[in-house]
Amino acid sequence: MTSWASALLRVHLACAFGATAVFWAAALAVKGSPFHRAAGRWFSRLIYAAAVTGGLLAAVSLLAPSLVRAPIGAAADLAALEAARQSWQTMWLVLYVLLLIVAPVQHGLAVVAAGPTPARIRTWPHAALCLLSMLGSVLLLPFIVAWQQVTWLVVAPLGFLIGVRQLAYGARPSATPSEWQREHLTSMITTGVTLHTTLFVFGSSRTLQWQLEGWMAWLPWVLPALVGLPLILWLRRRYARHPAARS
């Protein structure tokens, strides 16, 4: 990896790990408290910074790979060519996953700002992120099948589901405090699940160089969801039954 790409990667990882730490700080804080709100603001900043740096690296890797890694010569062996092909496919996944992380964060913050008037979230950044997430889901799915990247099917439908759900919320005429609080928490936990999944997947395959096979290959992809999805359901039911709940 070239020097500038290596430096940018370190910044990207610092932002990603920082966002993970702040996510837990916000999650464990009393909901609505000054600390919770401050942690939420820092979480969004770190997520956006991680998305910009990661997106730039992925885009350059696709458009001008020689600027990121040394070019592969004509005499390269099959292993090097296969690694380059895998990297090219992975960069498309990275761009898609970054959408899955950024879109719910933007939505979750917009929901709080809009309060009882969901129509206020209908801005062009909100619509663009929702539509891009849906489009990415539709376009990526057939390539995942063609590339035989079976584990990627875990995240393939998420962009469409996230986009539809967020647009549907924006179409509501009004929202009670418990409803917009529930929507906010759902979006932020969705981001947390995707963020942890990304760290587990790339941490195991690229950093630790683990070659997981069989059912073990699915663990990094599904483990965060096995924790996050029940938490989302529990919180939504809690806020539906106890609108005053805040922690």
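Figure 1. Of the contacts in the chain between residues at least 6 apart in sequence, 78% join residues at least 24 apart. The model shown here and in the views below is predicted. Its secondary structure comprises 7 helices and 0 strands, and the pattern along the sequence reads α-α-α-α-α-α-α. The chain has 247 residues, of which 45% are buried.

**Figure 2. Packing of helix α1 against helix α2.** Helix α1 spans residues 3-28 and helix α2 spans residues 34-63; their axes come within 8 Å and cross at roughly 155°. Because this angle is over 145 degrees, α1 is roughly antiparallel to α2. The crossing of the two helices, α1 and α2, is left-handed. The residues of this contact divide into 23 nonpolar and 6 polar, with no charged residue.

**Figure 3. Packing of helix α4 against helix α5.** The axes of α4 and α5 come within 7 Å, with a crossing angle of roughly 150°. The angle is over 145 degrees, and α4 and α5 are therefore roughly antiparallel to each other. The crossing of α4 and α5 is left-handed. On the α4 side, the contact involves His126, Cys130, Leu131, Ser133, Met134, Ser137 and Val138. These residues meet Leu158, Gly159, Phe160, Gly163, Val164, Gln166 and Leu167 in α5. The residues of the contact of α4 with α5 comprise 8 nonpolar, 6 polar and no charged.

**Figure 4. Gln148 in the loop between α4 and α5.** Gln148 is found in the loop that lies between α4 (124-147) and α5. Phi of Gln148 is near 60°, a positive value in a residue other than glycine. With a relative accessible area of 65%, which is over 50%, Gln148 counts as exposed.

Figure 5. Leu62 is found in helix α2, and Gln89 lies in helix α3, which covers residues 78-114. The C-alpha atoms of Leu62 and Gln89 are separated by 9.1 Å, although the two residues are 27 residues apart along the chain. Leu62 has a relative accessible area of 16% and Gln89 one of 2%; both values are under 20%, so Leu62 is buried and Gln89 is buried. Leaving aside residues up to four places away in sequence, Leu62 touches Trp88, Met91, Trp92 and Leu95. With its neighbours within four places in sequence likewise set aside, Gln89 is in contact with Trp147, Gln149 and Trp152.

Figure 6. The side chains of Arg165 and Glu183 meet in a salt bridge with an N to O distance of 2.5 Å. The pair links distant parts of the chain, with Arg165 in helix α5 (residues 158-170) and Glu183 in helix α6 (residues 177-207), 18 residues apart. Arg165 is partly exposed, at a relative accessible area of 27%. Glu183, by contrast, counts as buried, with a relative accessibility of 6%.

**Figure 7. Salt bridge between Arg172 and Glu179.** The side chains of Glu179 and Arg172 meet in a salt bridge, at 3.1 Å from N to O. Arg172 has a relative accessibility of 29% and counts as partly exposed. The count for the model comes to 2 salt bridges.

Figure 8. Val227 is found in helix α7, which runs over residues 219-241. Its relative accessible area is 55%; because this value is over 50%, Val227 is classed as exposed. The C-alpha atoms of Val227 and Val193 are separated by 8.2 Å, and the two residues are 34 residues apart along the chain.

Methods:
Residues numbered from 1 in each chain as written. Predicted model: local features only at pLDDT ≥ 70, side-chain atom pairs only at ≥ 80, totals over all residues. Heavy atoms only, no water. Salt bridge = Lys/Arg side-chain N within 4 Å of Asp/Glu carboxyl O. Helix = DSSP H or I, 4+ residues; strand = E, 2+ residues; numbered from the N terminus. Buried < 20%, exposed > 50% of the residue type's maximum accessible area, 1.4 Å probe, protein only. Contact = heavy atoms within 4.5 Å. Axes fitted to C-alpha atoms, helices over the stretch in contact; angles between N-to-C directions. Parallel < 35°, antiparallel > 145°, perpendicular 65-115°, else oblique. Left-handed = near helix turned anticlockwise from the far one by under 90°. Nonpolar A, V, L, I, M, F, W, Y, C, P; charged D, E, K, R; others polar.
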